[in-house]
Amino acid sequence: MIFEPELETLPREQLRDLQADRLRALIGYVRERVPLYRERLADVEAGDIASIDDLAGLPFTRKDDLRDTYPFGMLAVPREELVRIHASSGTTGKLTVVGYTAADLDLFARVNARSLAAAGGKPGMLLHNAYGYGLFTGGLGLHYGGERLGLAVVPVSGGLTERQLMLIEDFRPDVIACTPSYALTLAQAFRERAVAPDELSLRYALLGAEPWTEAMRSEIDAGLGVVSTNIYGLSEVIGPGVSCECMEERAGLHVNEDQFLPEVVDPDSGEPLPEGEEGVLVFTTLTKEALPLVRYWTGDIASLSSLPCACGRTLVRMSRIKGRADDMLIIRGVNVYPTQVEATLLELSELTPNYRIVVSRTGTLDHAEVEVEVSETFLREAGTDSLSDELAHVHELRGRAENRLRDRIGCSLQVTFAAPGMLPRSEGGKLERVIDRRAAEVNA
Ligand code: DLL
């Protein structure tokens, strides 16, 4: 089902015209209302924008701009006009603060209703919403999106896994929304309690807020008995609902580009890249009132495709996020994203999606170790609980995993095994996959 067909299936030529009109209005709006843009866009007149291609000449907005004007310096409306504030915690401590007017919240609900509809949701269904409620945008974003589409929302939030299992069994929801790592935690918890996927009422899952892979999708779909789709977003742009896959193809996420204009640019030069090429995603918010952003540098790596889609939406699709430019590890000169490690590990049936990467540095050399849990079947068939490398089958599996990683990624990563249940699980939110000991070692 398509929630707003008049916009989601607009012929692309018309969409471009709409975007150009909105972009012109945006430039006038931010120049008038936001000191930072008044200064940066001093020589750009709204009338200079003939089409969205003219965006390419404008400067980027970065997370630091929001931090430097913390908390409210980039708002385009008086604080009194805000009706909601969210914030996301970055890696460096200070929060990134985002504000919404009533019209922004309406848009937030609409794009999440679009996403839920694309993912299989229909009016009358029950949504188990296990994204965190609070400053994080996930909980309230999907909450109001669900209500807008006409679903009954169970606002369970993240965590308290036992209670989540009980509510899923008792309330019998059709749809679940949570991070992919938490979906896996729930699937594993049901398996431990011998609840089979086909006994669960769940049919659809709307998963995002962190990078994940197709291999992880297969595990979750099988483990919960769902069709899962990928939803993307970031607080600065609005929260969840910037883009979402459709269940018809589940191949790329339709960007709500009538509202959030996407570009992909070269990570080093900032030059726009042609369709299909991978680079940094940049968004311009076209209609937001409280925190309009021109060319916001997300740091997320993806590509765009405007090929037609079976669902009928004309909205451009972005690829799965490969990772954040800041999460990219450079191991002996080779660029490595955690998602590449995940996809490779899951090619081996003896291994599970419970893994983490520990990076350290000796001198100037980065060293990465992949810790991964083996499957219960592997342990059972081995007939021992030991994961000692002296055991032939453990030694053989390690060799196979390390070779596979070297073939796929192009550099050597050391693999160590953990028994099922030994590595940290998502307890409701985003799961930290990379433990970076480098900074600590430099400071030590
Ligand atoms: O994570 C918003 C959200 C909530 C998205 C619920 C989807 C579902 P932030 O906390 O500001 O907002 O984090 C944004 O998370 O720049 C990406 O690096 C990452 N991210 C979000 N969705 C995906 C996804 C929310 N589907 C940052 N795949 C973004 C990969 C994602 N990474």
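These legends accompany several close-up views of a predicted model.

The model is predicted, so local features are given at pLDDT of at least 70 and side-chain atom pairs at pLDDT 80 or more, while totals for chains, interfaces and linings use all residues. Numbering starts from 1 along each chain as its sequence is written, and side-chain values use heavy atoms, with hydrogens and water left out.

View 1. Helices here are DSSP runs of H or I with at least four residues, strands are runs of E with at least two, and both are numbered from the N terminus.

View 2. Look here for pairs of N or O atoms within 3.5 Å, the cut-off for a polar contact. An N or O atom in the side chain of Asp-300 lies 2.6 Å from an oxygen atom of the ligand. Backbone atoms take part too: a nitrogen atom of the ligand is 2.8 Å from a backbone N or O atom of Ile-231, and a ligand nitrogen is 3.0 Å from a polar backbone atom of Ala-209. The protein covers 93% of the 610 Å² of accessible area that the ligand has on its own, with areas taken from the Shrake-Rupley method and a 1.4 Å probe.

**View 3. Backbone geometry to look out for.** Most residues other than glycine have a negative phi, and most peptide bonds are trans. Ala-209 sits in the loop between strand 6 (204–208) and helix 9 (214–224) and is partly exposed at 27% relative accessibility; buried means under 20% relative accessible area, exposed over 50%, and partly exposed in between (1.4 Å probe, protein chains only). Leu-160 also has a positive phi, near 50°, and is found in the loop between strand 4 (152–154) and helix 7 (161–171). Leu-160 is exposed, with a relative accessible area of 59%. The peptide bond from Tyr-70 to Pro-71 is cis, with omega near -5°, and Pro-71 belongs to the loop between helix 4 (63–68) and strand 1 (84–89).

**View 4. Two aromatic pairs.** The whole structure contains four aromatic pairs, where ring centres of Phe, Tyr or Trp (its six-membered ring) lie within 6.5 Å, and planes under 30 degrees apart count as stacked, over 60 as edge-to-face and the rest as tilted. Phe-60 and Trp-297 pair edge-to-face, 5.0 Å centre to centre with 80° between the planes. This pair links distant parts of the chain, 237 residues apart: Phe-60 is in the loop between helix 3 and helix 4, and Trp-297 is in strand 12 (residues 296–302). Both Phe-60 and Trp-297 are buried. Tyr-232 and Phe-283 make a tilted pair, with 6.2 Å between centres and 35° between the planes. Because Tyr-232 lies in strand 7 and Phe-283 in strand 11 (residues 279–285), the pair ties together parts that are 51 residues apart in sequence. Both Tyr-232 and Phe-283 are buried.

**View 5. The surroundings of Arg-62.** Arg-62 lies in the loop between helix 3 (35–40) and helix 4 and is partly exposed, at 39% relative accessible area. Not counting residues up to four places away in sequence, Arg-62 touches Tyr-296 and Trp-297, where contact means heavy atoms within 4.5 Å. The C-alpha atoms of Arg-62 and Leu-293 are 9.4 Å apart, although 231 residues separate them along the chain.

View 6. Leu-23, in helix 2 (residues 12–33), is buried at 0% relative accessibility. Beyond its neighbours within four places in sequence, Leu-23 contacts Ile-49, Ser-51, Ile-52, Leu-55, Thr-284 and Leu-286. Ser-88 is part of strand 1 and counts as buried at 17% relative accessibility. Among the residues that Ser-88 touches are Lys-63, Lys-94 and Ser-235.

How values were computed. Polar contact = N/O pair within 3.5 Å; in protein donor to acceptor, adjacent residues only side chain to side chain.
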